[in-house]
Amino acid sequence: MAFKGVDYYGIEELLSDEEKMFRNAARGFLEKEVEPLVVNAFHKEELLNMKELAPKMGEVGMIGATIPQEYGGGGANYTQFGLLCQELERVDGALRSFVAVQSGLVMYPIWQFGTEEQKRKWLPQMASGKIIGCFGLTEPNRGSDVGGMETVAKKNGNVWVLNGAKEWISEASTADFALVYARTDEGVKAFLIPRGTEGFTQTFTDKKGAMRVGDVGTLALNDVKVPEEDVLPGSTRVKHVFACLNQARFGISWGAIGAAMSCYETALNYTKQREQFGAPIAAYQLVQRDLVNMLIEITKAQLLSYRLGRLLDAGKAKHQQISLAKKNNVEMARMCARTARSLLGANGCSYDYPPIRHMGNIEAVYTYQGTDFIHTLILGQDITGIQAFTRKL
Ligand SMILES: Cc1cc2nc3c(=O)[nH]c(=O)nc-3n(C[C@H](O)[C@H](O)[C@H](O)COP(=O)(O)OP(=O)(O)OC[C@H]3O[C@@H](n4cnc5c(N)ncnc54)[C@H](O)[C@@H]3O)c2cc1C
């Protein structure tokens, strides 16, 4: 059966058979096993049970897709990872967030910057979904200004002592361990802290208006002792943090396409069936303009992310190009969610249709992994040679 999706420019022809099979398998699993759980969780205002779901996702190869197979990963290319993110977010952004955090923000730094022992200890278990990690960077007083982080780690013999707080952390209360960044005399380091460590508290943030089925919360660190063997030796600078963020930002650029596809397809079907003033509303020029605008923006976003995946696989992608795709595609998905919601009229406000879910989720995506403004400043600096992040008053 032909793949059902938004593909106005024949992107399908550019994908290998392996890439298409990977994506189709992901879609089949998600539509059958996961989408009903998401819709149910929304109606009941509950969280998805990731402890139950993650092992199933691990079994079908959704976790650590680009991590080498010798560490339990999928050994997939970036386009496959992107297509996976598209399919996940087509269902719900919280699913893509989970996979992007687990794969790009926790497994990737362990693989890139960890010791062989750390890789063997954590990566296979994470890839199987038996262990969930979270990524602790954002703090109550430091969000975009990553370099100004206030969490500190002081060395005492062979042990580091951490103090500080992290907030807005995905999977904070569910995670079996956290990868936490702290300032030290030797630079910004990454610490692996298991659940239950003395002085380490994981809390869930209730009642949020975005990513409602996903766990987001806080991490508190009060004299938390971390042995040297749980510090990633290769991660000592803020640029190493950004290397991880780039993985997740690339995934977001594809995830946004998934959310936008879901909104566009819902709006197209709905407007062809819904009749007002004696004709389907899709027969009216204003409605067609909105549908066409969505299609145009999705198509442009697909071409960006497709090319970016190929550049990453060739080792040629600049981080500014990742910023451009994240910024453009999230803004595109934001427009599509808003437009689809409005074309559905009052039904657009119901959880029986996906646009309003995507609308809330995409607001979080607009802010996390570098806000839209921050990516604008990254691009502004690249083209002018002048940084506009900081100013002296
Ligand atoms: C659902 C969700 C999940 C998240 N998951 C994680 C996670 O797993 N791990 C993690 O570490 N973090 C996570 N975050 C946090 C996220 O990465 C931060 O919210 C983000 O980096 C922005 O930081 P902030 O919210 O403190 O905003 P701020 O940095 O305070 O920014 C507020 C506003 O000021 C603007 N601004 C800031 N600096 C400038 C400037 N120089 N010029 C112009 N405008 C500027 C911003 O663009 C924004 O509009 C998550 C957030 C959400 C919503």
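How far is a nitrogen atom of the ligand from a polar backbone atom of phenylalanine 135? In this predicted model, where local features require pLDDT of at least 70, side-chain atom pairs count only at pLDDT 80 or more, and totals for chains, interfaces and linings use all residues, that separation is 2.8 Å, a polar contact being a pair of N or O atoms within 3.5 Å. Residues are numbered from 1 along each chain as its sequence is written, and side-chain values use heavy atoms, with hydrogens and water left out.

A polar side-chain atom of serine 144 is placed 2.6 Å from an oxygen atom of the ligand, while a backbone N or O atom of phenylalanine 389 lies 2.9 Å from a ligand nitrogen atom. Of the 980 Å² that the ligand exposes when taken alone, the protein buries 69% (Shrake-Rupley method, 1.4 Å probe).

The shell around the ligand, in which a residue counts if one of its heavy atoms lies within 4 Å, holds 18 residues, and Phe135, Thr138, Ser144, Trp168 and Thr371 come nearest. By class, this shell has 11 nonpolar, 7 polar and no charged residues, with Gly counted among the polar ones. At least two shell residues each are supplied by β3 (159-170), α9 (355-367) and α10 (372-384), elements defined as DSSP runs (helices, H or I, of at least four residues; strands, E, of at least two), and the largest share, 3 residues, comes from β3. Because domain 2 (133-230) and domain 3 (238-384) both give residues to the shell, the ligand lies between them, the domain bounds coming from an automatic or database assignment.

Note on methods:
Polar contact = N/O pair within 3.5 Å; in protein donor to acceptor, adjacent residues only side chain to side chain.
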